[in-house]
Amino acid sequence: MAPVETVGALAELVEAEFMFRYESGAPADVRDALGIRTARMGGGVVLSMRHDPTGYWSKALGFGVDEPVTGELIAQVCDFYRAEGTPGAVIQIAPDRLPADWDEICVRENITAGGVWVKLAGEIDALHPGGTDLRVGPVPDESVREWASVVLRCFGMPEEHLGPMLAASVRDPGFRPFAAWDGAQMVAAANLFVHGEVGSLNTGATLPTHRGRGAQSGLLAARVAAAGAAGCRWVAAETGRPAPGSSNPSLDNMRRLGMSPLYERRNWVWQAQPAAR
């Protein structure tokens, strides 16, 4: 595989791009209802969902690759959120891209340390996909709304507004949604985002009734094959770091596939400060 620095940079950029397209590609009425605003700045993306019912979708990421991360850049990001009236957001920066004065920047901008994610990548030719007894394949056009519903139910997110946002993503040629079926029932879902030489494996989730049957292993295999067919050299993904003494099935599945952790990346939580009285 290419140097970790190179693959890590590509992995950060593909994640930023698929998140940007998920939100910026939402239908106009959904953007209005959720208060979605997106911007590109400093080589990364800034995403605001002012009325986010989940606390997940407002985030800034992809920084430190094309331009260095500076106090001025982070101030610009936070000013964007303040102007939008965003109550809080997560800033995601690879650990080797953080500036030396990061602690001072955090104090100045009201940013605190949050949870940790693991960033992984693998060279497609070196991976060894697994399988499942479930039927796995691309999602046909007539099943896109069902696919979005499965994703959101698995993640415990409401379907109102977010369902149409996810369903709209398939209009973007970079996205390739996949699912697993038990007979006629869709029981697991996942997405592939193709961006140059990298394919992002994202949005993977399985209904509780069908966990433990290899659905995600099958979906990983199908998406890796599709990424290779689309001309990708690597696949990348991110998932939560398990707490000590516990496990994360998503991380385990990716490691069995042959993907390697590149680094652990902390979520930096920005919160709007109450207005002075």
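One term before we set off: a residue counts as buried when its relative accessible area is under 20%, as exposed when it is over 50%, and as partly exposed in between. Keep in mind too that you're looking at a predicted model.

**Stop 1: the whole chain.** Show everything as a cartoon. Along the principal axes, the C-alpha atoms fill a box of roughly 60 × 45 × 40 Å. Buried residues make up 53% of the 277.

**Stop 2: the largest nonpolar core.** Now select Tyr22, Trp57, Trp147, Leu162, Met165 and Leu166 and show their side chains. This core has 45 residues, and those six touch the most other members. Colour residues 4–24 as well: that's helix H1, which gives the most to this core, with eight residues.

Stop 3: Zoom in on Trp147. Which residues is it in contact with, leaving aside its neighbours within four places in sequence? Among them are Tyr22, Val139, Leu166, Pro177, Phe178 and Met186. While you're here, pick out Ala180, Ala190, Leu201 and Leu220, which are included in a second, separate core of 27 residues.

**Stop 4: helix H5.** Select residues 144–154. Is this helix largely enclosed or open? Eight of its 11 residues are buried, so H5 is largely enclosed by the rest of the structure. The buried ones are Val144, Trp147, Ala148, Ser149, Val150, Val151, Leu152 and Cys154. Following H5 you'll come to Gly156, where phi is positive, near 70°.

**Stop 5: His161.** His161 is partly exposed, with a relative accessible area of 26%.

**Stop 6: Asn110.** Last, jump back to Asn110, in the loop between helix H4 (102–109) and strand S5 (111–123). Asn110 isn't a glycine either, but its phi is positive, at about 65°. Buried or partly exposed, what would you say for Asn110? It's partly exposed, with a relative accessible area of 24%.

Conventions:
Residues numbered from 1 in each chain as written. Predicted model: local features only at pLDDT ≥ 70, side-chain atom pairs only at ≥ 80, totals over all residues. Heavy atoms only, no water. Buried < 20%, exposed > 50% of the residue type's maximum accessible area, 1.4 Å probe, protein only. Core = buried A, V, L, I, M, F, W, Y, C linked by side-chain atoms within 4.5 Å. Helix = DSSP H or I, 4+ residues; strand = E, 2+ residues; numbered from the N terminus. Contact = heavy atoms within 4.5 Å.
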